[in-house]
Amino acid sequence: MIEFREPRIEDREKLQNALDKTNAMGCDCTFANTYIWRNYYNIKIAFKNDFVFKSYFTDGNLSGYTLPFGGKDINWAVNEIFKDARERNLDRVLIGLLTEDKKELLEKLYPNQFTFIEERDNADYIYLQENLANLSGKKYHGKRNHISKFIRTYPDYKYVPLSRDNFSDALLVAAKWCDERQDIDGEQFGSDYAAIEDSFLHFDKLGMFGGILYVDGSAVAMTVASIIRDNICDVHFEKSIIDGGYAVINNEFAKSLDNIKYLNREEDMGLEGLRKSKLSYHPEIILKKYSAILK
């Protein structure tokens with residue numbers, strides 16, 4: 001049986017080394033996401049033969065795996081999942097959050113043994129940094145107008161990088177944002193705040209960075225990110241409590257980045273308004289995700 005356990009801060013280097021050997025662009029692969037959402041999604045990990053194994057638990061029982069990464073013999077790693085599932089007497093074997101290339105790999109290794117289901121709500125939206133920073137061309141005309149209106153209304157606004165000196169300001173934005181949404185889904189937005197707190201508690205060890213937007217000396221928007229690998233970053237959180245704040249902090253954060261080509265702004269969770277917003281920024285890639293269920 002695979003010895004799954006809760007991720008620890010000291011696992012970051014080992015997981016990152018494995019991730020760097022892949023072509024992964026998905027937000028679910030990052031150590032930061034694995035760690036800060038470990039409690040909400042009951043995420044467990046294991047290291048075996050240079051592979052990182054990840055699983056999700058529901059009511060104490062393993063409910064799904066992700067495709068292991070980092071090692072050389074993926075066939076061996078998937079067979080380890082099959083073996084683990086048998087030893088746990090699982091009713092089904094589910095491997096989730098598969099990108100298109102991983103779906104094709106699994107089908108090639110195990111032809112006609114899996115049923116694949118597209119999980120559109122889990123697709124990642126990935127953008128070119130230069131597009132979000134420059135907002136050039138007709139397709140970004142509306143975004144430039146939003147930012148111009150914000151600047152006219154708040155000419156003395158200021159964008160400041162996130163640091164220990166202003167964590168409390170960022171948390172205040174997050175708290176206000178969550179409070180405004182308690183009547184919609186208190187559990188979900190409460191978990192957002194808990195994950196943001198965790199991000200700041202281990203900010204440096206998680207490799208986090210980000211920024212805060214100020215108007216008249218008060219924090220009104222914040223964003224937090226980390227590196228996935230190479231020149232790709234994952235924007236974990238973006239919160240605003242002021243009209244126009246999202247457009248401005250999105251643009252300011254993108255402009256602040258060096259040596260980053262892609263920004264993964266994560267999934268839309270099936271929320272219509274969020275999907276519309278993410279599409280309006282014209283993603284370079286919509287990274288599809290699938291679940292594979294063993295027949």
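The legends below describe close-up views of one predicted model.

Residues are numbered from 1 along each chain as its sequence is written. In this predicted model, local features need pLDDT of at least 70, side-chain atom pairs count only at pLDDT 80 or more, and totals for chains, interfaces and linings use all residues, while side-chain values use heavy atoms, with hydrogens and water left out.

**View 1**
Helix α6 covers residues 141-153. Helices (H or I, at least four residues) and strands (E, at least two) are DSSP runs, numbered from the N terminus. The expected span of a helix is 1.5 Å times one less than its number of residues. Lys143, Ile147 and Phe150 of α6 are buried. These three cover an arc of only 60 degrees around the axis, so they sit on the same side of α6. The arc is taken from the directions from the helix axis to the C-beta atoms. Buried means under 20% relative accessible area, exposed over 50%, and partly exposed in between (1.4 Å probe, protein chains only). Exposed Lys149 and Arg152 are on the face turned away from the buried side. What do the buried residues of α6 pack against? Their partners are β8 (208-215), α9 (245-256) and α10 (272-280). Contact here means heavy atoms within 4.5 Å.

**View 1. Salt bridges between side chains.**
Side chains of opposite charge can pair when their charged atoms come close. A salt bridge is a side-chain nitrogen of Lys or Arg within 4 Å of a carboxyl oxygen of Asp or Glu. The whole structure holds 15 salt bridges. One of them joins Asp84 to Arg88, at 2.7 Å from N to O. Asp84 is buried, with a relative accessible area of 0%. Arg88 is partly exposed, at 23%. Another salt bridge links Lys255 and Glu252, at 3.7 Å from N to O. Both residues lie in helix α9, three residues apart, about one turn of the helix. Lys255 is partly exposed at 45% relative accessible area, whereas Glu252 counts as buried at 13%. Arg120, Asp121, Asp268 and Arg275 are linked in a network of salt bridges.

**View 2. The pair Lys289 and Asp124.**
The side chains of Lys289 and Asp124 form a salt bridge of 3.3 Å, N to O. Lys289 lies in the loop between β12 (285-287) and β13 (290-294), and Asp124 in strand β6 (residues 124-128), so the pair ties together parts that are 165 residues apart in sequence. Are these two residues buried or exposed? Both Lys289 and Asp124 are buried.

**View 3. Nonpolar cores.**
In soluble globular proteins, nonpolar side chains tend to be buried together. A nonpolar core is a set of buried Ala, Val, Leu, Ile, Met, Phe, Trp, Tyr and Cys residues joined through side-chain atoms within 4.5 Å. The largest core has 41 residues, and Ile36, Leu162, Phe200 and Val224 have the most contacts inside it. Helix α7 (residues 167-179) gives the largest share of this core, five residues. Leaving aside neighbours within four places in sequence, the contacts of Leu162 include Phe167, Ala170, Phe200 and Val224. Apart from this core lies another, of 27 residues, among them Tyr125, Leu132, Ala133 and Val220.

Ser55 lies in strand β2 (residues 51-58). Ser55 is buried, with a relative accessible area of 0%. Not counting residues up to four places away in sequence, Ser55 touches Phe4, Asn42, Ile43, Lys44, Leu62, Gly64 and Tyr65. Two strands pair if DSSP finds at least two bridges between them. Strands β2 and β3 (residues 61-66) run antiparallel and are joined by four bridges. Ser55 stands opposite Tyr65 in β3. The two strands form a hairpin with two residues between them. Strands β3 and β4 pair in the parallel sense, over two bridges. Here Tyr65 stands opposite Ile95 in β4.

**View 4. Residues with a positive phi.**
Most residues other than glycine have a negative phi. Asn89 has a positive phi, near 60 degrees. Asn89 lies in the loop between α3 (74-87) and β4 (94-98) and is exposed, at 66% relative accessible area. Leu97 has a positive phi of about 60 degrees. Leu97 is in strand β4 and is partly exposed, at 25%. Asp59, in the turn of the β2 and β3 hairpin, has a positive phi of about 55 degrees.
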